[in-house]
Amino acid sequence: MAPTAQLALGEFVRVAGEEGCTLYFERFLKEGFEACPKSFQERFPGLRSWGGVAELRNAIARNLGLAPVAPITLAGRSTNLAKLAAKWLLRGGRRILVTDLTWPSYLKILNRDARRSQGTIEFVRVRSAILGGKVSGDELVRFIVDQCAKKSCSGLFLPEVSHDGIRLPIAMMCQVARRAAPMSIVVDGSQAFGQIPVDISDQPCDLYLAGCHKWLGSYFPLGIGACPNPQTCDEIHRFCISLLERGRLDDPLLAFLQSLDSDRPRRFSETVNLSPLFSCRGGLADLQRSTPVAEQFRQRQANATLVRRIAPMTGWTPLTPHEDFWSASVLLQADSPLMRTLPPASVRERFFTRGVALTSYRHGIIRLSMPSHRLSRLEAGHLIQALALAQAWPTSVHRPTRRLAYA
């Protein structure tokens, strides 16, 4: 969790405990820290990053490469924006294309809405070809566009970076798909925002979904939706409002912010968790003050190259796609047949007890997300040791001796 996100969240909790919803709280929420009395500012300086809901949206838009006044939709859960995307893409029984790189939870949402709307999901497999280095970025773009034409699809749902770290040439894909045929395009940028330089002004998609609890480091989930295509922006906004009013989209934070924007309080509302707003703004503040994202990404990729080089020496094979698909994550597969039979939770625990946190999958596959600082010799040595010892047998895992504290 980013330092300023921690600070903002702690101060907001203190405001809730000491002040509650005083008369100027709504003004603070809408207009920001500087609109509060000096006494409030002196008591809660950790909220200095908060500039109000509109300023938060402006900051998000800037970090997505959009004009500060670009409309940004905020929701309490990213999945609710995925539901909005699914209903919009499949409206009127349309046919859309997805790949096996789609986040499984989002795929379930799409399939459920396809059944309800009598729409169709066309599913194509590309993951194994990418990880096997059998396809380049240009070839994948041509394949996806050809499949859309072959299957008569009018929509696309694609991740910019998949949950296992495969980065797609999404700008090129959007541009080529749009030139080939009229196309509604939704891009899932949850793993891209904060990890790689994002400029969706170059991506002619209709809806871009992001979150702030991953690479941005705000910890609390907050769904972010941006509409970079001016031709469909108003349509999607009206569609979202319609779903809220008809009760087909249940997101208290989204509904609360919409009523705040329109100055039309909802007659029946529920208690809304506002803390993700403040932790998100804190995360953005740290992102703005730190090294530019592009430079951080270059360092992460340099670390990834180092890990790919040392992995074979420790009994792990890098799953190395064409460099067009590289992100700041590395996928490795254990060489040991016995290691490949272990449940993912057991593999993850073996590394965790040795001081390495990572994501594990079936068949002995692990994903390591690279830090933005250069790995030191000590850190690289620690990782080499963990990779080598994680495959040590018997299956019992060495656990560090606990130190008991006595009062």
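Predicted model: local features only at pLDDT ≥ 70, side-chain atom pairs only at ≥ 80, totals over all residues.
Local features require pLDDT of at least 70, side-chain atom pairs count only at pLDDT 80 or more, and totals for chains, interfaces and linings use all residues. Residues are numbered from 1 along each chain as its sequence is written, and side-chain values use heavy atoms, with hydrogens and water left out.

**Sheet and strand pairing**

Helices (H or I, at least four residues) and strands (E, at least two) are DSSP runs numbered from the N terminus. Two strands are said to pair if DSSP finds at least two bridges between them. On this basis, seven strands form an open sheet of mixed pairing, in the order 1-7-6-5-4-2-3. Its edges are strand 1 (72-75) and strand 3 (120-124), each of which pairs on one side only. Neighbouring strands of this sheet are turned by 20 degrees against each other on average, direction ignored. Within the sheet order, strand 4 is next to strand 5; the pairing of these two is parallel, and G155 has S184 of strand 5 as its bridge partner.

Strand 9 (residues 329-334) takes part in two further pairings, with strand 8 and with strand 11.

| Strand pair | Sense | Bridges |
|---|---|---|
| Strand 4 (residues 155-159) and strand 5 (residues 184-188) | parallel | five bridges |
| Strand 8 (residues 316-318) and strand 9 | antiparallel | three bridges |
| Strand 9 and strand 11 (residues 365-369) | antiparallel | five bridges |

The bridge partner of P318 in strand 9 is L332, while V330 has L368 of strand 11 as its partner. Burial is defined by relative accessible area: buried means under 20%, exposed over 50%, and partly exposed in between, with a 1.4 Å probe and protein chains only. By this criterion, six of the six residues of strand 9 are buried. S329, L331 and Q333 point one way from the strand, and V330, L332 and A334 point the other way. In a regular strand the side chains alternate between the two faces of the sheet.

**Helices**

The expected span of a helix is 1.5 Å times one less than its number of residues. Helix 5 (residues 78-89) has twelve residues and reaches 17 Å from first to last C-alpha, close to the expected 16 Å. Eleven of its twelve residues are buried, among them N80, K87 and W88.

For helix 12 (residues 275-289), the 15 residues should span 21 Å, and the end C-alpha atoms are 22 Å apart, which agrees. Helix 12 is also mostly covered, with 13 of its 15 residues buried.

Axes are lines fitted to C-alpha atoms, for helices over the stretch in contact, and angles run from 0 to 180 degrees between N-to-C directions. The axes of helix 4 (residues 53-63) and helix 12 come within 10 Å and cross at roughly 45 degrees. The two helices are therefore oblique to each other; angles under 35 degrees count as roughly parallel, over 145 as roughly antiparallel, 65 to 115 as roughly perpendicular and the rest as oblique. Contact (heavy atoms within 4.5 Å) is made by E55, L56, A59, I60, R62 and N63 of helix 4 and L277, C280, R281, L284, L287 and Q288 of helix 12.

**Surroundings of R14**

R14 lies in helix 1 (residues 3-18) and is partly exposed, with a relative accessible area of 30%. Not counting residues up to four places away in sequence, R14 touches E19, R43 and F44. R14 and L207 are 193 residues apart in sequence and 36 Å apart in space, C-alpha to C-alpha.
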